Amino acid sequence: MSRISFRLALTGLTAALSLALIQPAAQAAEAGPKPPQLTWSFSGPFGKFDRAQLQRGFKVYKEVCASCHGASLVAFRNLSQPGGPEFTQGQVAALAATYQIKDGPNDAGEMFDRPGRPADRFPSPFANEQAARAAQGGAYPPDFSVLAKARTYTRGFPTFIFDIFTQYQEQGPDYIHALLTGYEDPPAGVTLLPGQNYNRYMPGHLIAMPKPLADGQVEYPKGPDGKSPVPETVDQYSRDVTAFMMWMAEPHLEARKRIGLQVMLFLVIFAGLLYYTKKKVWSRMPDGSPAH
Amino acid sequence: MAHATDTSTGTTRRDFLMLATGAAGAVGVGALVIPLISQLAPDAQTVAAGAPVDVDLTPIAEGQAIKLFWRGKPIFVRHRTKKEIEEAKAVDVATLRDPQTDAQRTKAGHEQFLVIFGNCTHLGCIPLGTAPGESKGDYDGWFCPCHGSHYDSSGRIRKGPAPLNLPVPPYAFNGDTKIRIG
Amino acid sequence: MSGHSSYVPKTGIERWLDARLPIIRLAHDSAVSYPVPRNLNYLWTFGGILVFMLVAQIITGIILVMHYTPHASMAFNSVEHIMRDVNYGWLLRYLHSNGASMFFIAVYVHIFRGLYYGSYKAPREVLWILGVVIFLLMMATAFMGYVLPWGQMSFWGATVITNLFSALPVIGETIVTYLWGGYSVDNPTLNRFFSLHYLLPFMIFGVVVLHIWALHVVGQNNPTGVEVKNVQKDTVPFTPYATVKDIFGMVVFMILFSWFVFYQPNFMGHADNYIPANPASTPAHIVPEWYFLPFYAILRAIPDKLGGVLAMGAAIVVLAFLPWLDTSKVKSMSYRPIGRQLFWAFVVVCIGLGYLGAMPAEGGYVIASQIFTVLYFGFFVALFVVGLFERPKALPTSIADSVLASAKGGSAAGVAAATAAEPNVKG
């Protein structure tokens, strides 16, 4: 590209962007502040889930969230598979048996309840969406199975381009954590109707879910000193349950990143070999003349 | 042109660089085949659903049989009569195509219950003889209508094209009338 | 195809087969002895990369179909079943979904390479038009594929795009109803899209065969735009020269592909598509996949339903007329001082339209889209006008001369300066 045409292109691009960038400021105000970017153990090319965190997150999910939010795509057996919370198979079988699963029809043509097995998926708290809405004053608590991948926020230009290189892709977890910790009193001038709550990070700020977590609400396993190794606070609960949700949404994340590294290493070496092979082939033209 | 091609294909192709590149390419293609093939194997859900199942045999009266499914395959459970047990035990094992004693095919102390896979060992049809009124073949067992295989009251092949006895699935008694298959 | 076949059967079996079905001769002539200009740069490897992508998409697609269920109530969960339960299912699904984006990245590079070097000009008009046909088929295939996971973006994308046809006067509504197989996007729509998504790649494959056939009849263009004059001096045999270069290009492209598949698999998708389709609520911010964004921006720029659809269609169809819209006799923009600037301005306009397509259709964005739409079509007008009076730089007398000139470090005045301005010339 010649210098003139490059400058022309640059001018054009600048003009286009300045024209287009007038808007986002107004939008951001409407959508609320951007969630803070947290450090997650599973981010980056070598990311792995923290087993203890996933196990704590599962406890929070089970004791707090599961009364309204299903996880219908996740099976009990998943809790013991590699790359997840890695509960033992015995723990999973015992856990599954504490749930009643609808099965049938039996020989009499009737549906019946039986204790859960590891192969069963988590039973949903409501029979269907309508039942959920009826019980929740019209709001539908979304299923958690892939929720961590279904939530995001706008990164904007040029951040989204940098994200390709930094591999930042935790918009979902960051948003969920921000939402869980973002409950506050409505600012002056905002009146809440019954069934509405104010949240800093919810688009539009009005959310049907009441503040779900409180400090000390979930008891974490004790360390050798008789105290939980992590604080039992809303912030920590939110981090843990969010990590667990990310694992539910992407249960093969660890395998993906591990295999990815192997593939990358191989491809780089293979490309290097091919480059020198190509140079060698092109070093002599078929008519015997040396290549330029 | 001809002689130039000779030097480039004759001597250089055999050198280390070419070999290494070719080998790396072969490794890459080989690695690519792994996911393409292993996706054909049963997936995690299918494997998990193939876990052992518990069956209560109490409702099966003497002389009756039921069909149930484990891992998508039919399993016959027959509560055999005295006569059927006698017949199965009286056979000279040496004359059988697939020699097995009746004791090898049942659990000691529970000889009245025969638990076998329900697919003909010829080409997989389901033999008749489980439901009342169905033909039990020439040997008081099962008869496969597809190609005419006869099984005896121990599920052993006696006549027809099937090569093997109806196999016994892995199972164990859990009390007198409860079994766990798998 | 071009010139005499140099295939000599070596064994008796080869001679026997050659007399009955000269398939080895065909392969030899088109992939071994086929002469390629010796000055091709790495932009020319994208043809091979595209063949690789098509094959990769077909293979991963066929495998995904083994595990996918095309039903409105099961499609979403069956995709998740692939992601969770099927052995390496997550890999195959991410390869396929990111593969679509990679396919488009490669095809856009390929198209812009053709634009820059005038690969659409005589005698390559049919070759170019076949390319536009492939592009159209690719867009249809990608769109229908995006519907299959039956998430929110699938559903609403299908609703919006099929509704484009309702802009047609008189028959529009009927066409839309026939596309849907009902009165809204629903299970019949999903089923027929699935069927067509499986069919179209094989039609693409067929047109690709024609595309390559046409290519081998006329021969490849090259960075100078000067046709091959002396096969001995200007070209090298496809194997091993182009083969090893193409494979190298492919592997480098695979590194980019793998980066997304393994590290950023959802970067080019939409979070909303992880929400199951819900006919009762449209996502707040609905946009198509990134590769449709420039055309989507043109659609929204026109404040008239039919006008918008026609403008969007024209934006693609106009490409097919490019061989006759560009009046310049010189192929390569490297020798066209004004044409080259037009080209880069066009690149900026297309990227700008892509950005605008992703933004909400309101206020300044709409005005910007309208300006850029005018600029988009203005490019073709300008190309027509500029070709009439532009004074191109001196062309090299032959491909071999241009290679020698650039090898000598640019002493040959205008010729060398022109080739040196193109940093990619390595061939």
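## A first look at chains A, B and C

Let's start in chain B, where β8(B) and strand β9 (residues 178-181) run antiparallel and are joined by 3 bridges. In this pair, Tyr171(B) stands opposite Ile181(B) of β9(B). A word on terms: strands count as paired if DSSP finds at least two bridges between them. Helices (H or I, at least four residues) and strands (E, at least two) are DSSP runs, numbered from the N terminus.

Before going on, note that this is a predicted model, where local features need pLDDT of at least 70, side-chain atom pairs count only at pLDDT 80 or more, and totals for chains, interfaces and linings use all residues. Residues are numbered from 1 along each chain as its sequence is written, while chains are lettered from A and ligands numbered from 1 in the order in which they are written.

**Strands of chain B**

Back to β8(B) and β9(B): they belong to an open sheet of 3 strands in chain B, in the order β1-β9-β8, with antiparallel pairing. Its edge strands, β1 (53-56) and β8 (171-173) of chain B, each pair on one side only. On average, neighbouring strands in this sheet are turned by 25° against each other, direction ignored.

Chain B has other antiparallel pairings too. Strand β2 (residues 65-70) is linked to strand β3 (residues 73-79) of chain B by 6 bridges, and here Leu68(B) sits opposite Ile75(B). The hairpin of β2(B) and β3(B) has 2 residues between the strands, and Arg71(B) takes a positive phi near 55° in it. β3(B) also pairs in the antiparallel sense with strand β4 (residues 113-117) of chain B, over 5 bridges. There, Arg78(B) has Leu114(B) in β4(B) as its bridge partner.

**Two helices in chain C**

Over in chain C, helix α3 (residues 46-65) and helix α9 (residues 187-218) have axes that come within 11 Å and cross at roughly 155°. Axes are lines fitted to C-alpha atoms, for helices over the stretch in contact, with angles from 0 to 180 degrees between N-to-C directions. α3(C) and α9(C) are therefore roughly antiparallel to each other, a label for angles over 145 degrees. Their crossing is left-handed (the near helix is turned anticlockwise from the far one by less than a right angle).

Who meets whom? On the α3(C) side, the residues include Leu54(C) and Ile58(C), and on the α9(C) side, Pro201(C) and Phe205(C) are among them. Contact here requires C-beta atoms, placed from the backbone, to lie within 7 Å. By class, this helix contact has 9 nonpolar, 2 polar and no charged residues. Ala, Val, Leu, Ile, Met, Phe, Trp, Tyr, Cys and Pro count as nonpolar, Asp, Glu, Lys and Arg as charged, and the others, Gly among them, as polar.

**Domains and the A–C interface**

In chain C, 6 residues of domain 1 are in contact with 6 residues of domain 2.

Finally, 49 residues of chain C are in contact with 47 residues of chain A. Among the elements giving two or more residues to the chain C side are α4 (75-84), α15 (337-358) and α16 (364-389) of chain C. The largest share, 13 residues, comes from α11(C). This side of chain C has 32 nonpolar, 10 polar and 7 charged residues.

Notes. Two residues are in contact if their C-beta atoms, placed from the backbone, lie within 7 Å. Angles under 35 degrees count as roughly parallel, over 145 as roughly antiparallel, 65 to 115 as roughly perpendicular and the rest as oblique.
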